[in-house]
Amino acid sequence: MKEKILDLKYGKLHLLKTKKFRSITLKVLLSDVIKKEDITKRNFLTDYLVLTTKKYSTRQKLALKIQDLYSPYISGYNTRLGNYLITKFSLSLLNPKYTDIKMLEESIDLLSEMIFNPNQKNNKFEKKSFNIIKNGILNEIKTIKESPKNYSTIRMFENMDASKPYAFRGYGYIEDLEKITEENLYQYYKDFLKTCNVDIYVIGDFDDDEIIKLVKEKLNFKTIKKEKTSIYLNSDKVKKIKTIIEKEDFKQSKLSIGCKLLDLTEFERKYVINIYNMILGGGFNSKLTQEIREKNSLAYYINSNILKADNILLIQSGISSNNFKKVISSIKKIMKQMGSEVFEAELNDAKTEYISLLDEVYDNIDSILENYIATNLLNLDSLEKRRENIEKISLDDIKNISKKVKIDTIYLLEDGGEANEEI
């Protein structure tokens with residue numbers, strides 16, 4: 001599948017043609033450099049725009065319109081990737097050749113209505129819908145501790161470096177929520193549309209000319225196209241490993257370890273670190289799983305994954321607090337072994353498993369589209385080239401990169417009690 005990219009006055013249109021699926025998906029990406037104080041407002045704004053519009057001002061009216069269009073799936077959500085906060089509006093509909101030829105235009109028209117014609121009067125958003133969203137976000141923020149695993153990771157990043165975007169809480173902050181009004185949120189909306197970077201992706205079986213015409217007519221942003229800041233965060237040198245223990249009333253202790261990736265080459269960043277991670281803790285038969293969970297029963301689960309844009313390797317585990325020191329000692333030992341005791345069979349298994357994950361991208365339309373989005377945002381290579389370069393990775397590559405993976409912060413969310421301890 002070849003991506004066709006067209007320059008628009010305000011951004012880029014990405015077209016991906018395939019006859020493999022019966023649906024068409026369109027995603028609008030609005031991105032800009034993340035600011036901590038914007039996160040809560042952006043979440044609020046995105047939820048508001050997909051809940052109510054000027055034309056469809058109630059849930060019932062909007063639901064009936066969606067039903068009339070053969071129930072396309074429309075959503076709006078936010079995600080952070082490295083230095084950027086990205087708002088995605090997604091529209092997925094059954095290809096009009098199976099329903100009604102007018103459905104494509106009318107569905108895009110509805111998405112346009114959500115983005116460009118919000119439910120406002122006298123330069124402020126409608127109060128009833130505003131309060132519904134506000135209460136929903138407040139509840140989300142208050143339930144952050146209901147997932148101890150995620151909360152442990154959040155607290156680890158906050159202790160790692162509170163000023164970095166990876167430490168910002170994705171749900172937002174109550175103190176920021178309390179400052180939001182119908183008036184200032186509407187002003188934020190107007191400013192946001194003027195300054196965001198715009199990328200529009202369309203995938204499916206469609207006529208190019210028709211899509212280009214509809215996008216230009218109905219998704220005509222007024223923002224000025226500008227140079228983008230690098231999406232990748234820089235990693236500072238690790239001066240001393242920080243170890244923090246905090247106690248909460250949970251049944252199981254949660255361990256999160258943040259490791260910085262230092263001075264990676266382009267080949268290491270794109271390829272070697274992925275296979276290193278598969279061998280360490282990201283694969284089915286990883287060293288962490290085999291040694292810590294299977295062999296010594298020191299953890300209920302343990303895994304690692306790469307946050308590529310953050311230059312971070314994250315290790316997460318569920319343990320008994322009594323085993324904390326043993327688990328940390330084992331993790332450090334295994335990471336040291338990655339520089340000398342990795343075998344050809346482990347390398348080949350990791351390559352096979354990783355390539356299998358790449359092949360799964362083609363299983364559904366959304367994963368294909370998200371792959372192209374990630375490829376463009378992170379400046380990655382095509383899936384075909386990725387397969388080729390994965391096969392080129394040697395044992396020496398794994399051993400060399402192991403010297404560039406440094407533990408920075410160890411955080412234990414310990415079960416029981418209320419005291420905080422830093423050691």
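Among contacts in the chain between residues at least 6 apart in sequence, what percentage join residues at least 24 apart? The figure is 82%, where contact means heavy atoms within 4.5 Å. Before going on, bear in mind that this is a predicted model, with local features needing pLDDT of at least 70 and side-chain atom pairs counted only at pLDDT 80 or more, while totals for chains, interfaces and linings use all residues. Residues are numbered from 1 along each chain as its sequence is written, and side-chain values use heavy atoms, leaving out hydrogens and water.

Start with the overall build. A compact globule of 423 residues would have a radius of gyration near 22 Å, and the chain's 24 Å agrees with that. (The radius is taken over C-alpha atoms, and the globule rule is 2.2 Å times the number of residues to the power 0.38.) Of the 423 residues, 54% count as buried, meaning under 20% relative accessible area with a 1.4 Å probe, protein chains only.

Now look inside. The largest nonpolar core has 64 residues; such a core is a set of buried Ala, Val, Leu, Ile, Met, Phe, Trp, Tyr and Cys residues joined through side-chain atoms within 4.5 Å. Helix H9 (residues 266-282) supplies the largest share of this core, 8 residues. Leu255, Tyr276, Ile331 and Ile398 have the most contacts inside the core. Setting aside residues up to four places away in sequence, Ile398 touches Val272, Ile275, Tyr276, Ile279, Met338, Val342, Leu347 and Ile393. Apart from this core lies another, of 52 residues, including Leu104, Ile133, Ile180 and Tyr188.

Next, find a helix pair. The axes of H1 (residues 39-51) and H7 (residues 182-195) come within 10 Å and cross at roughly 90°, which makes H1 roughly perpendicular to H7 (65 to 115 degrees by the cut-off). On the H1 side, the contact uses Lys41, Arg42, Phe44, Leu45 and Leu49, and on the H7 side Leu185, Tyr188, Tyr189 and Phe192. These divide into 7 nonpolar, no polar and 2 charged residues.

Finally, turn to Asp32 in strand E3 (residues 23-33). Asp32 is buried, because its relative accessible area is 14%. Leaving out neighbours within four places in sequence, Asp32 contacts Arg42, Asn83, Tyr84, Leu85, Phe192, Thr195 and Asn197.

Methods
Buried means under 20% relative accessible area, exposed over 50%, partly exposed in between (1.4 Å probe, protein chains only). Helices (H or I, at least four residues) and strands (E, at least two) are DSSP runs, numbered from the N terminus. Axes are lines fitted to C-alpha atoms, for helices over the stretch in contact, and angles run from 0 to 180 degrees between N-to-C directions. Angles under 35 degrees count as roughly parallel, over 145 as roughly antiparallel, 65 to 115 as roughly perpendicular and the rest as oblique. Ala, Val, Leu, Ile, Met, Phe, Trp, Tyr, Cys and Pro count as nonpolar, Asp, Glu, Lys and Arg as charged, and the others, Gly among them, as polar.
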